[in-house]
Amino acid sequence: MQERYDRSSGNCTVLFWIAGTKLCWFRPTSFHETCRASALGDLHLNHRLFFWALTSALAGFLFGFDTVVISGAEKTIQEQWNLSDGQHGLAMSIALWGMVVGSLIGFWPTDKLGRKKTLISIGVLYFASAVWSGMAGDVNSFMIARFLGGLGVGISTVVAPLYISEISPPDRRGRLAGMFQFNIVFGILVAYLSNWAIGMSFDPQGWALFEGEAWRWMLGIEALPALVYTLLCFSLVESPRWLIGVKGDRESGIEVLGLINPGASAETVETLASEITAASQNQEKTAESFWTKRNRKPITLAFLIAFFNQLSGINAILYFAPRIFELAGWGEDAARLNSIGIGLTNLVFTFLGLYLIDRLGRRSLLVIGSFGYIAALGICSWAFVHYESQFQVAETAVVEASQVASSGGTLVMACIFAFIAAHAIGQGAVIWVFISEIFPNRHRASGQTLGSFTHWIFAALLTMFFTSILSATSPALVFGAFCLMMVLQLIWVVTMVPETKGVPLEQIEKELGVSR
């Protein structure tokens, strides 16, 4: 299907083919906004726009890499520095607390310094954290380094999706902003692969290519992509919505709009700039703070999508994947290889989610993902009940399942992979795109901060207490609780979540009742 916008008449011709026959349908002017969005891109994605979106989305690659790379080193670090369980838990979760702080303060540089400078600063934090982590001489130094990396991750979840959504035309926004999530899971996969390759390179019984402490290289290698990302960020343009709506630099904003939409006429670009100005001025006249009744709906949506994202249990599986697989009876190197399977599943289904996000829509993907969550978590919980005699001790549940009742172990593993697939195609693909769309221009950075902070505070709490909860209760109850939360998510999506697919940001403001 194609759309062609006639600037002189204001009509849009939709071309589509059935059995090779071209048919036409004329849309009247009431569809002006959607059609004009297609015209702005000349029906082809601007290569420069794609490069800018991809560059900013690489913050997501570093996000994913930094988050998961610790999984290959956590046991060695605990042994090397003789850490107690409490010290080990703090050392492993310190980056998450950095993410909490970064997400909480991320709105300030995003609004005050601009989107571009903030993206560059993220790269500096990632680079410093990687080098420092690899060279840390004690656990305290290590935790400071990891905290810096966590700050970068937290800020990136505020600014990167926001920047991409602000430079993207409505009909491409889902796929372009979704590149951030795709890069997250790609970074996760590369981290698993990197850990495995480095581990084999330093293993006397593996490739035995090098001698030394493999874990330092696992963490330090992140400095290379961090440096590349930082240098690429200098080629970015500033967000036109920040230039016009926040800085008040209309001339520079129009110049960037022209670069983003090379096929648009000067009149069309001026009209778009005027809409951004009008939306910003309208928000200034109201002089409302972020926490107002008018913003109640987007605030509620952002909080709940982030809340449900983490209450699915996703971070617990990603953070402790190698340890879980070792409990299943595999050796250390095999456990890292099996973790790569999680990364591959995540990547493939995230790619599918991004393919569908501007076709089926955000809401539809959340519904599909919710059903997948419920099935995978429900069956997993049932497996722990059904094989109760093999699941007497929570820490050995999976190994007992694989060694004593192989069918139960296989079922648990299958459910974990199905769970990852459901997350990737649903919540994973949608969360950062959706949050970046639902707030008005004046409060978009603050809204992104709220969603990101909610996401990371629950991620940190879940990661810190997950193993303790698992030890104190049965696995069936834990997975059953996650399943129940996903039932509640499904009800919320069906009854409250609006569809934002293909809708201009300024129009979304009106539909959510946050614009006068």
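Mentor: A charge is said to sit over a ring if NZ of Lys or CZ of Arg is within 6 Å of the ring centre and within 35 degrees of the ring normal. Keep that definition in mind as we read this structure, which is a predicted model.

Trainee: Which residue lies over the face of Y355, and at what distance from the ring centre?

Mentor: The residue is R359, which lies over the face of Y355 at 3.9 Å from the ring centre.

Trainee: How many helices and strands are there in the chain, and what percentage of the residues count as buried?

Mentor: The chain has 23 helices and three strands, and of its 516 residues 58% count as buried. If we take the contacts between residues at least 6 apart in sequence, 79% of them join residues that are at least 24 apart. The accessible surface comes to about 20,500 Å², and 65% of that surface belongs to carbon and sulfur atoms.

Trainee: How many aromatic pairs does the structure hold, and are the rings of F180 and W432 stacked or edge-to-face?

Mentor: To read such a pair, look at the angle between the planes, since under 30 degrees counts as stacked and over 60 as edge-to-face. The structure holds 19 aromatic pairs. In one of them, the rings of F180 and W432 have their planes at 90° and their centres 6.3 Å apart, so this pair is edge-to-face. The pair links distant parts of the chain, because F180 belongs to helix 8 (residues 173-202) and W432 to helix 20 (residues 406-437), 252 residues apart. F180 is buried, with a relative accessible area of 0%, and W432 is buried too, at 3%.

Trainee: What kind of pair do F303 and F307 form, and where in the chain are they?

Mentor: Their planes are at 15° and their centres 5.9 Å apart, so F303 and F307 are stacked. They lie four residues apart in helix 14 (residues 296-310), and therefore about one helical turn separates them. F303 is partly exposed, with a relative accessible area of 33%, whereas F307, at 18%, is buried.

Trainee: Which residues do ring pairs link into a cluster?

Mentor: The cluster consists of F61, F65, F182, F186 and F351, linked by ring pairs.

Trainee: Where is N82 placed, and is this residue buried or exposed?

Mentor: N82 is in the loop between helix 3 (74-80) and helix 4 (85-105), and with a relative accessible area of 64% this residue is exposed. Its backbone also deserves a look, for phi of N82 is near 50°, a positive value in a residue other than glycine.

Conventions
Residues numbered from 1 in each chain as written. Predicted model: local features only at pLDDT ≥ 70, side-chain atom pairs only at ≥ 80, totals over all residues. Heavy atoms only, no water. Helix = DSSP H or I, 4+ residues; strand = E, 2+ residues; numbered from the N terminus. Buried < 20%, exposed > 50% of the residue type's maximum accessible area, 1.4 Å probe, protein only. Contact = heavy atoms within 4.5 Å. Areas by Shrake-Rupley, 256 points an atom, 1.4 Å probe, with all protein chains shown as cover. Phe/Tyr/Trp six-rings, centres within 6.5 Å; stacked < 30°, edge-to-face > 60°.
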